[in-house]
Structures are given as structure tokens and as C-alpha cells.
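Here's a quick tour of a single model, written for someone who likes to know the cut-offs behind the words. Have a look at the sequence and the fold first.

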Amino acid sequence: MGFNNTNLSAKDRIVLALDTDSLEEVERLVNLLKDYVGCFKVGPQLFTSCAYDAIDLIKNLGGNVYFDGKFHDIPSTVAKAGSNLIKRGVTTFSAHLAGGSKMLTTTVKVARETAKKYNMPKPTILGVTLLSSFGQRTLTEELNVKMNIDEYVSHLTYLAQESKIDGVIASASEAKRIRKEFSDEFIILCPAIRPTWSVVNDQIRVVTPADAIRAGVDYMVVGRPITAAEDPIAAANMIIDEIEEASKTLQI
């Protein structure tokens with residue numbers, strides 16, 4: 001399954017982050033929540049603990065997989081990594097836009113060729129703009145980037161479009177600008193979603209599900225507000241309700 005942004009239900013929009021080290025926890029969460037979320041995110045924590053066993057388990061249980069490896073390396077290395085994922089049936093993954101146009105275009109080309117060769121769906125590659133743990137001070141003082149965050153994210157998004165990347169990972173505040181400047185077909189995934197009733201934890205640029213919908217976001221990553229909830233199904237349903245209510249206001 002690749003991402004698209006056509007006729008998405010509230011459930012389809014939720015990408016559940018499986019930030020765990022345990023296959024048993026993966027099995028529990030997928031069995032519990034596969035009917036309440038659209039996709040399961042496998043990131044570095046789970047992959048370095050359980051590797052393809054986790055991905056295969058999710059798929060065997062009927063879940064869809066998004067591999068959030070945030071690749072950032074020389075072009076041939078990232079392209080081969082993406083190709084390896086596709087061979088294992090994972091057609092949606094991420095790469096850092098800061099890796100540059102050669103890395104991005106090479107990865108897109110090889111990914112599409114691999115998918116065609118193995119009769120897999122067209123891959124969806126999302127570009128990481130700026131991690132949600134970054135604020136303006138980190139961008140300016142540590143990375144020495146003189147643009148403000150919105151300008152920098154927009155700059156990277158143009159790079160993504162030129163490189164034929166399918167979409168970007170950006171916060172809701174940046175998504176408003178992206179949605180105005182780029183095609184509606186351009187996918188926007190928003191990380192660090194925190195409903196008003198949840199704890200922020202270690203993220204800085206956080207938003208609510210309703211904020212994300214109003215900003216034009218297609219998909220949103222939710223982790224601890226659901227996985228650490230006393231009743232994960234109830235938490236997922238509350239988020240679904242918030243997405244549906246926000247979507248209705250856009251249709252009025």
C-alpha cells in the first residue's frame with residue numbers, strides 16, 4: 001500500500017507509530033488497532049530491535065506498513081536501501097530532503113524500477129523537511145540556517161517537487177504554506193500529533209489533529225497518545241472524531 005490523498009477517511013489519515021522494541025507489543029497493538037488506524041509506522045527503534053520480523057508480522061496481521069527510516073546518505077546507498085524495502089513488500093518510506101537532489105532523484109528512479117520489476121505498487125517516498133524536535137534556535141544557531149522555519153521547509157519542499165518526491169513530512173503550521181504553493185496531489189504527512197488531552201513529551205512543533213486537518217494535512221503520525229493510553233481503542237476513536245469534526249468545518 002502506498003499513500004495517496006484521495007477520498008481519505010478519518011481512520012485512513014492516522015499513522016500509528018510503533019515505537020517499541022518488542023514483537024509481542026507489535027502484535028498486541030496491530031491486532032487491537034488495525035481497524036482504527038490506516039497504517040503502522042516502523043521507525044529506527046523497532047527496526048533495529050526486530051528488523052524485518054516486525055514488518056512481516058504487521059503485514060501478516062493485515063496491517064499496512066510505512067517505513068520511517070529517514071534515509072540520509074550518499075545516493076547509491078539510499079537508493080539500494082529503498083530498493084531492498086520494496087523487494088520485501090514495503091512501498092512507502094522516507095528520506096531526508098537535506099540529502100540533496102542527486103540522492104533524491106536516484107532513489108526515486110531506482111525505487112520505481114524495482115517496483116516495476118517485482119510487480120509491486122508504485123512506491124511512495126516522503127521527504128523529511130525538519131524534525132519536529134527542532135525549533136528556530138536549533139536551526140539558526142546550530143545548523144547556521146538563516147531562514148525562518150517556514151521559509152526553510154518551503155525551500156526543501158521545492159527541492160522535493162523538483163526531485164519527483166511524492167510528498168513531505170512537515171508540521172501543520174508549515175503545511176498551510178505548502179498546500180497553498182503546491183499541487184493538491186502533493187502528499188503532506190504531519191508528525192508529532194498531540195490531541196489536547198495528551199502530554200507533549202519531547203516534541204516542540206506539535207499540533208492537534210484538528211489543526212492538521214485545517215492546515216491541509218493528508219496523514220498524521222500519532223504514537224503515545226494512543227499506544228500509551230489506558231484504552232487505546234477509545235483514544236483512537238477520539239482522534240477519529242476530532243478529524244471528522246474538523247473535516248466537516250472545511251466542507252461548510
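## A loop residue and its contacts

Y36 touches K11, I14, I233, A236, N237 and I240, not counting residues up to four places away in sequence; contact here means heavy atoms within 4.5 Å. Before going on, note that this is a predicted model, where local features need pLDDT of at least 70, side-chain atom pairs count only at pLDDT 80 or more, and totals for chains, interfaces and linings use all residues. Numbering starts from 1 along each chain as its sequence is written, and side-chain values use heavy atoms, with hydrogens and water left out.

Y36 sits in the loop between α1 (23-33) and β2 (39-42). Helices (H or I, at least four residues) and strands (E, at least two) are DSSP runs numbered from the N terminus. As for R112, 76 residues away along the chain, its C-alpha atom is 30 Å from that of Y36.

Now for H96, which belongs to strand β4 (residues 92-96). Beyond its neighbours within four places in sequence, H96 is in contact with K70, F71, H72, M103, L104, V128 and L131. How do the two residues compare on burial? Buried means under 20% relative accessible area, exposed over 50%, and partly exposed in between (1.4 Å probe, protein chains only).

| Residue | Relative accessible area | Class |
|---|---|---|
| Y36 | 25% | partly exposed |
| H96 | 16% | buried |

## Barrel

The strands make a closed barrel of 8, in the order β1-β2-β3-β4-β5-β6-β7-β8, with parallel pairing; two strands pair if DSSP finds at least two bridges between them. From one strand to the next, the twist averages 25°. Helix α3 (residues 75-87) packs on the sheet, touching β3 (65-71) and β4, and its direction makes about 170° with that of β3. Axes are lines fitted to C-alpha atoms, for helices over the stretch in contact, and angles run from 0 to 180 degrees between N-to-C directions.

Strands β5 (residues 124-128) and β6 (residues 167-169) pair in the parallel sense over 3 bridges, and V128 stands opposite I169 in β6.

## Cores

A nonpolar core is a set of buried Ala, Val, Leu, Ile, Met, Phe, Trp, Tyr and Cys residues joined through side-chain atoms within 4.5 Å. The largest one has 70 residues, of which I14, L18, I58, F67, F93, I178 and I226 touch the most other members. Helix α2 (residues 44-60) gives the most to this core, with 7 residues.
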